[in-house]
Amino acid sequence: MSNSAMNSSPFLHLSLTFLVLCSCSSWVSSNFAKPHENFLRCLSHYSQDASSISNVLYTPFNSSYSNVLNFTLRNLRFSTSHTPKPLLIITPLHVSHIQAAILCSKSYGLQIRTRSGGHDIEGLSYVASLPFIIVDLINLNSISIDVESKTAWVQSGATLGELYYRIAEKSRSLAFPAGICPTVGVGGHFSGGGYGLLLRKYGLAADNVIDAQLVDANGKFFDRKLMGEDLFWAIRGGGGGSFGIVVAWKVNLVSVPATVTLCVVNRTLEDGATKLIHQWQYVAHKLENNLFLSILLEGGNFTRQGSKINPLALFFSLYLGKADELLTILNTTFPELGLSKTDCMETSWVETALIMGTGLQPGSKLEDLLSKTPLMTVRTKMKSDYVKEPIPMAAIEGIWQRLRSGDIETPQIIFIPYGGKMSEISELETPFSHRGEYSYKIGYTTNWIEGGIDAENKHLNWIRELYSYMAPFVSKSPRAAYLNYRDLDIGSNNKYGRTSYEQASIWGYKYFGKENFDRLVHVKTKVDPYDFFRHEQSIPTLSSK
């Protein structure tokens with residue numbers, strides 16, 4: 001569509017008028033009614049099921065608009081009266097609704113934000129600076145399991161919890177290697193790589209995707225065969241919101257034993273946690289593939305069972321086998337940890353998903369995996385790093401000091417071991433390039449409940465200072481980062497207008513490495529040359545270069 005056509009759009013004209021106002025709750029005007037009607041007619045025109053389109057469209061005039069907007073909004077940093085709100089929310093029931101949303105948004109000069117589970121840390125799946133609509137995939141959540149072929153088709157609006165539950169319905173000997181948070185949406189998780197406790201055995205979620213269905217910027221529908229291998233490569237780890245809207249994914253399911261073992265060991269400074277963390281760096285990435293041994297550090301004002309923790313190291317492991325086998329392995333390779341059978345429980349794989357995802361609250365049952373409501377919703381900021389060489393003891397002591405801060409509500413640092421399957425997959429196999437050269441990944445998180453700019457600045461300053469402190473001890477040139485721990489601090493596209501290759505490469509090299517980022521840019525230029533799908537960290541086009 002030409003720029004002149006876009007500029008002549010009455011809806012675009014009205015939207016640009018709203019641009020300054022749409023960040024506050026008073027932006028809704030009765031003048032929106034006529035463009036809304038035109039947009040609705042456009043959607044009806046392009047939808048194969050015109051009679052149903054009005055049932056999945058929400059504007060600020062609808063009483064349920066706020067409920068739909070906020071239902072899967074997972075970061076309260078982006079739920080304020082000043083946060084830009086969408087002009088429309090569409091919750092499609094089938095592909096034609098998505099196609100209509102894309103075509104009409106292009107006609108009316110609107111941006112699209114695509115939301116799967118709402119867990120984008122920087123809110124990019126439901127917030128934009130320019131006039132925009134949200135395509136919320138919550139209704140596209142069907143899952144089809146084929147036990148015989150060990151595959152599944154899962155729509156992007158499904159959650160990880162729903163996927164795990166549907167697999168377990170059909171087989172307790174099959175699983176899928178993805179994250180531990182059951183309310184995370186499949187669409188965003190797969191698009192960014194996606195990891196979980198089966199990482200070292202089976203790799204990332206994206207490594208196990210074998211087909212996909214996508215609607216591109218022209219409203220055309222593709223599967224793997226039709227889209228071609230370049231685009232199929234790009235969507236498996238290249239991030240959402242750049243190449244189109246992925247409607248569904250076909251994945252390989254993986255085998256797990258009937259009995260797995262989950263262990264948790266708590267250690268404090270007095271227990272020698274610093275030395276244990278230091279030693280862990282030499283052990284975790286070299287363990288056999290069936291064993292995942294991670295560390296979670298907690299500090300600040302965090303309390304567990306009514307007692308203040310300041311700070312605490314939790315060593316948690318999943319072993320694909322029985323407890324006695326695990327004890328034999330760890331008491332040989334990591335005897336300093338002092339793991340005992342009382343620290344462990346034998347269970348099934350799907351029950352570990354329930355335990356890790358819900359904290360095994362009293363009365364928990366497998367059906368809880370189907371819930372789209374998280375245990376709690378807070379304000380969040382995350383950052384990430386990758387480590388090649390062990391961090392010295394003195395540096396770990398510096399981490400402990402920062403976790404002791406009494407002003408920070410819930411600071412957490414997680415250490416994720418690599419090795420195993422991650423070392424067997426080429427860094428060029430998918431856009432996710434962080435493979436064999438790294439021993440482990442670090443995730444930094446600060447969560448807080450207190451509202452207000454002062455509380456936000458306090459927590460943001462804490463995590464940014466920690467990130468700066470860690471610079472000498474982590475990867476360099478570039479300082480690698482994990483896309484699904486979205487972080488606009490490491491670089492951002494222009495909010496208004498095109499972004500150059502050079503500007504986007506600042507963050508792009510960190511997520512993907514130079515070679516993969518360059519390939520992503522080439523794919524983007526081919527499939528979306530006019531950069532319709534864009535946000536603050538979307539892949540740019542070569543024309544921008």
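Residues are classed here by relative accessible area: buried means under 20%, exposed over 50%, and partly exposed in between (1.4 Å probe, protein chains only). The structure is a predicted model, in which local features need pLDDT of at least 70 and side-chain atom pairs count only at pLDDT 80 or more, while totals for chains, interfaces and linings use all residues. Residues are numbered from 1 along each chain as its sequence is written, and side-chain values use heavy atoms, with hydrogens and water left out.

At 47% relative accessibility, Lys514 falls in the partly exposed class. The side chain of Lys514 forms a salt bridge with that of Asp518 (2.7 Å, N to O); a salt bridge is a side-chain nitrogen of Lys or Arg within 4 Å of a carboxyl oxygen of Asp or Glu. Both residues belong to helix H18, where they are four residues apart, about one turn of the helix. Helices (H or I, at least four residues) and strands (E, at least two) are DSSP runs, numbered from the N terminus. Helix H18 comprises 14 residues (514-527), which should span 20 Å at 1.5 Å a residue; the end C-alpha atoms are 20 Å apart, in agreement. The expected span is 1.5 Å times one less than the number of residues. Asp518 is among the buried residues of H18, which also include Phe517, Leu520, Val521 and Val527. The buried residues of H18 pack against helix H11 (229-235) and helix H17 (501-512), contact meaning heavy atoms within 4.5 Å.

Across the whole structure, 26 salt bridges are found. One of these joins the side chains of Arg115 and Asp136 (2.8 Å, N to O). Arg115 lies in strand S3 (residues 111-115) and Asp136 in strand S4 (residues 132-136), so the pair ties together parts that are 21 residues apart in sequence. Arg115 and Asp136 are both buried. A further salt bridge links Lys372 to Glu162 (3.3 Å, N to O). Lys372 is in the loop between helix H14 (349-358) and strand S18 (379-387), and Glu162 in helix H7 (residues 160-170), so this pair connects parts 210 residues apart in sequence. Lys372 and Glu162 are likewise both buried.

Helix H7 lies across strands S5 and S6, at about 35° to S5; axes are lines fitted to C-alpha atoms, for helices over the stretch in contact, and angles run from 0 to 180 degrees between N-to-C directions. S5 and S6 belong to an open five-stranded sheet with the order S5-S6-S10-S8-S9 and antiparallel pairing. Two strands pair if DSSP finds at least two bridges between them. Four bridges join S5 to S6 (residues 151-155), and Ser144 stands opposite Trp153 in S6.
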